[in-house]
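The sequence and the model come next.

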Amino acid sequence: MAFLPLLRRTATLGAVAGAGLTSYAAWEARQYTLRRVTVPVLAPGRAPLKVLHLSDIHMTPDQRAKQEWLRGLAALEPDLVVNTGDNLAHMRSVPVVADALGGLLDVPGVYVLGSNDYYSPGMRNPLRYLLPDTGKRNTTTPQLPWPELKQRFDDAGWHDLTNGFGALEVEGTRIAFAGVDDPHLEYDDLARVAGPADPQADLRLAVTHAPYLRVLDQFAADGYDAIIAGHTHGGQVCLPTLDGRGRSLTTNCDLEPARAKGLHRHPADSAPGEDGTAWLHVSAGLGTNPYVRIRVACRPEATLMTLVPHD
């Protein structure tokens with residue numbers, strides 16, 4: 001029976017290691033990070049534009065550190081804000097989100113909603129996302145006050161791109177937008193936004209919450225210069241890498257894990273300048289399910305995208 005003490009010690013070490021990893025994952029979920037990327041999508045001679053991409057905030061009223069960090073982003077003085085949904089995680093979150101956005105609501109902006117703007121979150125193990133998608137979606141929990149959220153954004157002058165179009169002139173650049181409702185819930189109506197992007201615009205941007213391939217394919221084929229998305233949480237629980245960005249194992253949609261976050265091309269093997277292709281930026285987002293606030297090798301983020309002229 002000499003193996004019993006060894007078994008107990010092994011079990012104890014395993015429990016300690018598990019507790020340590022959980023503590024680290026909970027700590028990392030609160031390490032809010034500003035990413036910066038440069039996207040060459042403007043015509044030669046155009047002045048650069050600063051675009052702040054916000055996604056997957058998943059706000060609850062008690063998340064004061066997140067609220068304070070968000071409030072500080074106004075100091076970046078972006079020219080445009082793009083919000084790709086999943087702002088809410090609580091029935092009383094709308095005024096909290098609006099207060100945290102603060103001065104950003106005075107900046108020109110566009111938005112779409114995500115599934116977690118529509119429905120209350122439920123308890124869910126993030127490791128379940130590593131399993132095959134069953135197609136089952138959370139549409140049975142109580143609805144969140146998304147009409148109030150939309151009203152706040154609309155009153156601020158932000159453009160609602162839910163299965164529709166928009167246009168803005170920002171710092172002398174005419175931007176044409178298209179967007180869809182959440183593809184994860186199959187609320188997207190691609191037929192309503194199908195067709196060539198406005199050829200008279202200086203820049204054409206497409207916006208979606210979840211980067212499903214059917215949406216990316218259509219927007220790229222229709223001539224949009226860049227597609228902006230969220231939803232994936234960057235994989236949320238990733239394998240550590242030397243560059244600190246982590247290797248994603250899943251995307252919670254049909255986008256491959258290699259493009260779960262950051263700036264890429266779509267299609268993945270395309271080059272700038274090819275017809276029917278676009279830049280793709282996917283945000284790893286700022287939040288998590290409030291019942292399981294953990295991240296591993298994938299810090300919560302917002303992204304300041306600097307749009308510059310292409311060659």
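## The second largest pocket

β1 (33-42) gives the largest share of the lining of the second largest pocket, 3 residues. Both β1 and β11 (278-282) supply at least two residues each to that lining. Strands here are DSSP E runs of at least two residues, and helices are H or I runs of at least four, numbered from the N terminus. This is a predicted model, in which local features need pLDDT of at least 70 and side-chain atom pairs count only at pLDDT 80 or more, while totals for chains, interfaces and linings use all residues. Residues are numbered from 1 along each chain as its sequence is written, and side-chain values use heavy atoms, with hydrogens and water left out.

The pocket holds about 370 Å³ of space. Of its 20 lining residues, Asp 225, Arg 265, Pro 272, Gly 273 and His 310 are the closest to its centre. A pocket is an open set of points on a 1 Å grid over the protein atoms alone, where a 1.4 Å probe fits, with protein on both sides within 12 Å along at least five of seven lines; lining residues have an atom within 4 Å of a point. By class, the lining has 8 nonpolar, 5 polar and 7 charged residues; Asp, Glu, Lys and Arg count as charged, and Gly is among the polar ones.

## Ser 55

Ser 55 sits in the loop between β2 (49-54) and α2 (64-72). Its relative accessibility is 0%, so Ser 55 counts as buried (under 20% relative accessible area, with exposed over 50%, for a 1.4 Å probe and protein chains only).

The side chains of Ser 55 and Thr 84 make a polar contact at 2.7 Å (a pair of N or O atoms within 3.5 Å, one able to donate a hydrogen and the other to accept it). Leaving aside residues up to four places away in sequence, Ser 55 touches Thr 84, Gly 85, Gly 230, His 231, Ser 283, Gly 285 and Leu 286 (heavy atoms within 4.5 Å).

## Backbone features

Most residues other than glycine have a negative phi, and most peptide bonds are trans. The bond from His 266 to Pro 267 is cis, with omega near -5°. Pro 267 is in the loop between β10 (262-266) and β11.

Asn 163, between β5 (159-160) and β6 (164-170), has a positive phi near 50° and is buried at 9%. Glu 186 also has a positive phi, near 60°, but is exposed at 65%; its loop joins β7 (173-179) and β8 (203-207).

Key
Points joined across faces, edges and corners; volume = space filled by probe spheres on them.
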